[in-house]
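Biologist: Could you take me through this model, giving the criterion behind each term as we meet it?

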Amino acid sequence: MLTHLHIAHFVLIEQLDIDLHHGFSVITGETGAGKSIILGALSLLTGAKAEQRMVKEGCKKCVVEGIFDIETPGLETFFTEHDIDYDPDEHLCIIRREVTAAGKSRAFVNDTPVLLTDLKTLCAHLIDIHSQHQNLLMGQAHFLLDTLDAVGEGASIMPAYRQAYEAWREAKAQLDDLRQQQQEDADQADFLTMRCREIDDAHLQEDEQATLEEEADMLAHAGDIKEGLYSAMSAFDENGADVAGHLRQATAALERISRVFAPAAELRDRIDSARIEIEDIADETERLASRVDFDPQRQMVVDDRLRMIYELEKKHHVETIAEILDIRNDMAERLDRLACGNEALAEAVARWNRRRNSYTKKPAAFPKPAKKPPQRWPTTSRRRWPSWGCPTAGYRLLWKRCLRPALWEPTWPPCSSAAMPTSRRKTSARSPRAARRLA
């Protein structure tokens, strides 16, 4: 319910605040007093197109704000899905629309910016502006279902029913996805098997590629590496001068004077440490030089192995062996799922049937309406029809069992609470043509 309306700088209105209360409110005025402008402001609040002419001349922007006391059940889901602040205890919703002099507009719900489409969705449950040709709504399914729910006082039923319906839709989507995935896996079973076998035959190791690439570089430059190592070894014993031997002599000389000259002891220790490090470096250089050797056969084996790895990476559009192994595991999982597909499919079908039965064949699980929907229009209203110029008018409600939902699946549940099935009698024998006639 709209409890307060604020309009500022809209068309001819400088500023207007209207407080509304429960009951029937009437706004009267002479022609040109601004009644239609108020309706235009309400239309803007519901998501109507914004135009420059809406802004009062000389103003930078116009603002239309409405405060609603939300009584419609189920709107909490809207605020949750769109991450909008909402206090369920106060049941208040503040909607604001701003239009600049350039024609740009912004919409806010509880001070949270929202898209225009979301604003229209929300306001469709809060505001209903009647105009000419409203009788055309009788041809719209959602209007008929809402009318049945209102007449049958089904507000207490619909939340539980909608929850059961959404659970069924979720199970149906999962079943469709599983069937589609199984069909794709079945079509590619031979292909997946071949790819898995190809990777298995390669006997790949996760850290193998880096090791092979390092070895390939060494074998390709074996001559240069060996020459460099021999040059380093000769530097330790150049022209017969043993560097380590000279350092031993220096250490012995410093040792002799360290008893009478204390700083010599520190120099002795430093030189001795350098000698040990140089001897270790010389031994390591000699050992590496003995290991490096040009082996054409080994180089061919390494190059072939790397070529095979690169081809697999290119085929699967990856860059590492780890990614190839992940793809192989994924393909193996798809093959296993295909092998056990009948069990998974049977479980999904059973879940789909259970959830479908929860809202199509078990109406006792939902709370009952407060009263049975009327079969005829109230007598007091029928007596007024002649004074309205409709002396021969007639009105009667015909209640029939809802069709099975598989024939019609709108955005909201296809079965009205006021016309929910009251027995377990099957309706699958009806043809689609009969379903369309009844709908």
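Modeller: I257, V260 and F261 make a nonpolar surface patch of about 320 Å². The model is predicted, with local features needing pLDDT of at least 70 and side-chain atom pairs pLDDT 80 or more, while totals for chains, interfaces and linings use all residues. Residues are numbered from 1 along each chain as its sequence is written, and side-chain values use heavy atoms, without hydrogens and water.

Biologist: Why is I257 called partly exposed?

Modeller: Buried means under 20% relative accessible area, exposed over 50%, and partly exposed in between (1.4 Å probe, protein chains only); I257 has 39% relative accessibility, and therefore counts as partly exposed. I257 is found in helix α9, residues 243-257, where a helix is a DSSP run of H or I with at least four residues and a strand a run of E with at least two, numbered from the N terminus.

Biologist: What makes β2 and β6 edge strands?

Modeller: Two strands pair if DSSP finds at least two bridges between them. The open sheet has six strands in the order β2-β1-β3-β4-β5-β6, with antiparallel pairing, and β2 (13-19) and β6 (112-114) each pair on one side only, as edge strands.

Terms used. Patches are made of residues with over 30% relative accessible area and no salt bridge: like charges are joined within 9 Å, nonpolar side chains (Val, Leu, Ile, Met, Phe, Trp, Tyr) within 5 Å. Accessible areas come from the Shrake-Rupley method with a 1.4 Å probe; for residues, only the protein chains shown count as cover. A salt bridge is a side-chain nitrogen of Lys or Arg within 4 Å of a carboxyl oxygen of Asp or Glu.
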